[in-house]
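I would like to walk you through a structure slowly, going from the whole chains down to a few single residues.

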Amino acid sequence: MRALSWLYLALLYAFILLPVGALVLFSFQDGRLPVPPFQGFSLRWYADVLGDRRLMAALGHSVAVAAGSSLVACALGFLAAYGLARHALPGSALIRAVLIAPIAVSTLIVGLGLLLLVNRLGLPLSLWTAGIGHVVINLPLCFAILYAAMGDQQRSAERAARDLGASEAQVIGLVTLPMLAAPLAAAFFLSATLSWDEFIIAFLLTRFEVTLPVEIWSLLRSGLSPRLNAAGSLVFLVSVAVVVLLEILVLARRRR
Amino acid sequence: MTASVTIERVVHRYGPQTVLHGVSLEIGAGEYVVLLGPSGCGKTTLLSILGGFASPAEGRVLIGGRDVTRLPPARRPTTTVFQDYALFPHMTLRDNVAFGLRMAGMGRAERHARADRQLALVGLEHAGAKRPHEVSGGQRQRVALARALAVEPDVLLLDEPLGALDLKLRRAMQDELKAIQRRVGTTFVHVTHDQEEAMAIADRIVVMRAGRIEDEGTPDRIYRRPRTLFAAGFMGEMNRVPARAAGGAVQTPLGTLPVAPPGEGEAVLCLRPEALGRGGPCDLGEARLDGAAFLGTHWRVHLVPERAPDLRLVAQLPPHAAPGERLRLSVDPAEVTVFPAAAEAA
């Protein structure tokens, strides 16, 4: 029985990690095709990727879109959560439901809807429109995380701050935001990783300047190459780094 | 810093429910007043109205003669010690205590010096650099007190401040609260449902029930001569004996007592367990012992009076001798209170 459960665990991890492992392994392929057999270890594809102007530009765009859209989503999510958690509004349950609803909508639908809207408004497609799309998909997530974090303890600390003479701006700046530091970081990093990996909206809403997933996709059309594996591995590395950062910043703090 | 508080006919409603029915109360400067009552009696709502966290539908609140009814908490000369302490978890204890001074625009060095003095006042002079989660519940309670006192409020409001502490610590903190209040001279308004706590610290107790003030006065006056049957029962254990008014006296199954009746007809005679003993001028006949427990300061006994065998009385007898099987009951009429029976239903 015990051996079986270990086997099960091994199979499970293999199933999850094998594709990524293969991707990373063949990014070091010393040959022209990222398929077995493995012909030897080489960093030339990484050099190739890092020397590629277009890929590096797309990487920069991805960082900018991820950081910018996550920042905006966190700010909007915080304001919505603070308002709904602290004030009795008519129909606040409905407002909360509507705010969270976009989670249930496929990104393809969101992307198409935004594309139609942007065309109708006559706006040019750009990294800005892709960023707006990422705010749309990340806002519900940020709102849900922050709303759940605004508990009674926080409310009474805000009350105490008011009692001691703090203005509303001071209450938010000195009590609410510092107390929410961990959930704010969680919301930011989570939406940054989602934006970093997001393809459909970025594909639909960008044109000349594109994000990294879109650039990789256009490379893919010209056939398989270990170069793509190297680019993919770099993307994966960044995602892992962000998740690890999140663990250290948020979960370590919570354990205290 | 201290000021008087005047509450004038304050009415408060939560939706359709009225929780305060025209409450009026005068609190003198430097007085330690305890609002006492069961949960839902409106005592915490009244405290919130004093602190500015709730706005009354009718009536006024004056502090030091100034109408503060519509002022927000930040602009009132009051601070509150909250039931859950409401410390700022991301700040050191020193920064917690200095928060109000910071809001008042005081510079860092000065407010930290003041905060350290406040922490010393509550016995935490070496813990200024710690954070709230690093200290015990009792210590957090002291920090909350120091934080509220640091801004030198005219009136300090305490919302069940000792409710989360264990019994021993609670009794110790009661003495300390009283001592600190004497030292700083600030008016304290303290909410609790614990009558022992109220008696231990209050200059004056205000007994509340269902949004009204039932009784107010010094602890001994409320305990010994309560104005209502509810106040009598809430302030401690009480024997209730059915009675009727008879001329200028009160007739009970235990005998007729020379006590002025509250009116005509049915009445309830209230006897504290410690008033019921041997040696008072009024004889109540013989009683049979129906169980006794030694509680250190006294024997607590259950008695069946011979004149009314269906009654059960609780009495406190001196600790130095075990009570006998039978004893003769007597009472001092000065320790007896009588209420109309109709009041019990109300």
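I will take the chains one after the other, then the places where parts meet, and then a handful of residues.

Please keep in mind throughout that this is a predicted model, and that the values I quote are computed from it.

Let me begin with chain A, which has 12 helices and zero strands, so that its pattern, read along the sequence, is simply α-α-α-α-α-α-α-α-α-α-α-α. Taken along the principal axes, its C-alpha atoms fill a box of roughly 70 × 60 × 35 Å. Of the 256 residues in chain A, 40% count as buried, and the chain exposes about 14200 Å², with carbon and sulfur atoms supplying 73% of that surface. If we look at contacts in chain A with a separation of 6 or more, residues 24 or more positions apart account for 73% of them. As for charge, chain A carries 18 positive and 12 negative side chains, and the centres of these two sets lie 3 Å apart.

Chain B is built from both kinds of element, with nine helices and 19 strands. Its C-alpha trace spans about 75 × 45 × 30 Å along the principal axes, and of its 346 residues, 53% are buried. The accessible surface of chain B comes to about 14700 Å², and 51% of this belongs to carbon and sulfur atoms. Among the contacts in chain B with a separation of 6 or more, 65% are made by residues 24 or more positions apart. Chain B has 42 positive and 39 negative charges, whose mean positions are 5 Å apart.

Now, how is chain B divided into domains? The domain assignment gives domain 1, covering 5-229, and domain 2, covering 237-345. The centres of these two domains of chain B, taken over C-alpha atoms, are separated by 38 Å. Where they meet, eight residues of domain 1 are in contact with 11 residues of domain 2, and the two domains bury about 910 Å² between them, 49% of it on carbon and sulfur atoms. On the domain 1 side, Tyr223(B), Arg225(B) and Leu229(B) supply 68% of the area buried against domain 2, which is more than any other three residues give.

The next meeting place is the one between the chains. The size of an interface is often given as the accessible area lost when the parts come together. For chain A and chain B the buried area is about 1700 Å², and carbon and sulfur atoms give 66% of it. The contact takes 17 residues from chain A and 22 residues from chain B. On the chain A side, Arg159(A), Asp163(A) and Leu164(A) supply 42% of the area that this chain buries against chain B, again more than any other three residues.

Let me turn to single residues, starting with the backbone. Most residues other than glycine have a negative phi. Which way does phi go at Ala86(B), positive or negative? It is positive, near 50°, and this residue lies in the loop between strand E6 (78-81) and helix H2 (93-103) of chain B. Glu160(B), which is not a glycine either, has a positive phi of about 40°, and its place is the loop between strand E7 (155-159) and helix H5 (167-184) of chain B.

Is Glu160(B) buried or exposed? Because buried means under 20% relative accessible area, Glu160(B) counts as buried at 9% relative accessibility, and Ala86(B) is buried as well, at 3%.

Leaving aside residues up to four places away in sequence, Ser239(A) touches Thr193(A), Trp196(A) and Asp197(A).

Since exposed means over 50%, Gly15(B) counts as exposed because its relative accessibility is 60%. Its C-alpha atom and that of Asn239(B), 224 residues apart along the chain, are separated by 39 Å.

Notes: Residues numbered from 1 in each chain as written. Chains lettered and ligands numbered in written order. Predicted model: local features only at pLDDT ≥ 70, side-chain atom pairs only at ≥ 80, totals over all residues. Heavy atoms only, no water. Helix = DSSP H or I, 4+ residues; strand = E, 2+ residues; numbered from the N terminus. Buried < 20%, exposed > 50% of the residue type's maximum accessible area, 1.4 Å probe, protein only. Contact = heavy atoms within 4.5 Å. Areas by Shrake-Rupley, 256 points an atom, 1.4 Å probe, with all protein chains shown as cover. Lys, Arg positive; Asp, Glu negative; His and termini not counted. Charge placed at Lys NZ, Arg CZ, Asp CG, Glu CD. Domains from an automatic or database assignment. Buried area = accessible area lost by both parts, 1.4 Å probe.
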